[in-house]
Structure formats: structure tokens, C-alpha cells
Amino acid sequence: MSDICGCGIVIGLQTLKAGSVKQSETPQTMTRTIPSPAPKGFKMKEEILKKLKELWLHNNQLNKLPNWIDNLTNLENLSIDNNQIKSLPESIKKLASTLKKLYLGDNPVWNNQKEMKKIKSWLPNTKILED
């Protein structure tokens, strides 16, 4: 398997965790951790983004989702809980057919009924969970 960014991430990647979690591997899902903040010059190759099934961005003090989030066309689980996110972009609708679980708790958006109603309408088949 080849390195995609010089920081130990491999092409077979299905799960990506960013933050202070430990690196682990199982036969079914390879998991790599990128330190938070990511190394200088870190760029994720587009073909990797399209293969991701899980993305864990919790506990990273994010105030918005990364611009490339709607390119994750195979994403099934997205954890963005415990950040500072006030709203999600409408482009999140592009994930409606694949996204099964969205962990959104401990963000300002979680307590905003108007925003939550929009998100639920954009992702009608997604379980939106607190944690």
C-alpha cells in the first residue's frame, strides 16, 4: 500500500480519524489518525476521499465543516460532535443516499431547532445522534 501524504496514510483507507485518538487496524477497516492540527502541507487525495466510509472529526474545535465534505460520496458515518459548528452547508445533501449516522451533539447547531429541522430534511434517512 502506498502513502498518500507522507504521513503514513494508505490507499486502502476506509476510516479517518482526526485528533488525539489512537491508531488501530482491523481486517475489515483500516484506521489512521492524523494529528490535530494536521501536519504542514497535508492534503488528502481526492480518490481517498471518495472511498472513505467513516470520518471522525469530533473534539477538534471546528466551527464549520471542511469544504471537501460533499466529495465523500461513500461516507456512511460522520462524527462531528463536540465542536463549535453552528450550521451545516446545504451541500451535505449530497451525502443523503449513503450517510447512515451523523454524530452532531455538543455543537451550537444541536440546540438550534430551525437548523436541526433543515438538516433532518436534507438527510431524511440518516440517524442524527448526540454522541
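User: What makes the meeting of Glu-76 and Lys-100 a salt bridge?

Analyst: In this predicted model, the side chains of Glu-76 and Lys-100 come to 3.9 Å, N to O. A salt bridge needs a side-chain nitrogen of Lys or Arg within 4 Å of a carboxyl oxygen of Asp or Glu, and 3.9 Å is within that cut-off, so the pair counts as a salt bridge. Glu-76 is in the loop between β4 and β5, and Lys-100 is in the loop between β5 and β6. The two residues are 24 residues apart, and the pair links distant parts of the chain.

User: Why are Glu-76 and Lys-100 called partly exposed?

Analyst: The class runs from 20% to 50% relative accessible area, between buried and exposed. Glu-76 has 24%, so Glu-76 is partly exposed.

User: How many salt bridges does a search of the whole structure find?

Analyst: The search finds 4 salt bridges. Among them is the pair of Lys-93 and Glu-90, at 2.8 Å, N to O. Lys-93 has a relative accessible area of 38%, and Glu-90 has 45%; both values lie between 20% and 50%, so both residues are partly exposed.

User: How do you know that the buried residues of α2 are on the same side of the helix?

Analyst: The buried residues in α2 are Glu-115, Met-116, Ile-119 and Trp-122. They cover an arc of only 125° around the axis, so they lie on the same side of α2. What covers these buried residues includes β6 and β7. The face turned away from the buried side carries the exposed residues Gln-113, Lys-114, Lys-117 and Ser-121. At the start of α2, a side-chain oxygen of Asn-112 is within 3.1 Å of the backbone nitrogen of Lys-114.

User: Which residues have the most contacts inside the largest nonpolar core?

Analyst: They are Leu-78, Ile-80, Leu-102, Leu-104, Ile-119 and Leu-123, in a core of 23 residues. Helix α2, residues 113–122, gives the most to this core, with 3 residues. For Leu-104, the contacts beyond four places in sequence include Ile-80, Val-109, Trp-110, Met-116 and Ile-119. Leu-104 also touches Asp-81 and Glu-130. In soluble globular proteins, nonpolar side chains tend to be buried together.

User: Why is Asn-77 called buried?

Analyst: The relative accessibility of Asn-77 is 15%, and buried means under 20%, so Asn-77 counts as buried. Asn-77 is in strand β5. Leaving out residues up to four places away in sequence, Asn-77 touches Lys-53, Glu-54, Leu-55, Leu-99 and Lys-101.

User: What makes the phi of Asn-59 and of Asn-82 worth a remark?

Analyst: Most residues other than glycine have a negative phi. Asn-59 has a positive phi of about 60° and is not a glycine. Asn-82, also a residue other than glycine, has a positive phi near 60°. Asn-59 is in the loop between β4 and β5, while Asn-82 is in the loop between β5 and β6. Asn-59 has 47% relative accessibility and is partly exposed; Asn-82, at 37%, is partly exposed too.

User: Where does the pLDDT stay under 50?

Analyst: It stays under 50 over residues 1–13 and over residues 19–33. Beyond four places in sequence, the model has 36 contacts for residues 1–13 and 35 contacts for residues 19–33. Where pLDDT is low, the predicted coordinates should not be read in detail. For the protein, the average pLDDT is 74, and 63% of the residues score at least 70.

How values were computed
Residues numbered from 1 in each chain as written. Predicted model: local features only at pLDDT ≥ 70, side-chain atom pairs only at ≥ 80, totals over all residues. Heavy atoms only, no water. Helix = DSSP H or I, 4+ residues; strand = E, 2+ residues; numbered from the N terminus. Buried < 20%, exposed > 50% of the residue type's maximum accessible area, 1.4 Å probe, protein only. Core = buried A, V, L, I, M, F, W, Y, C linked by side-chain atoms within 4.5 Å. Contact = heavy atoms within 4.5 Å. pLDDT = per-residue confidence, 0-100. Arc of directions from axis to C-beta. Polar contact = N/O pair within 3.5 Å; in protein donor to acceptor, adjacent residues only side chain to side chain.
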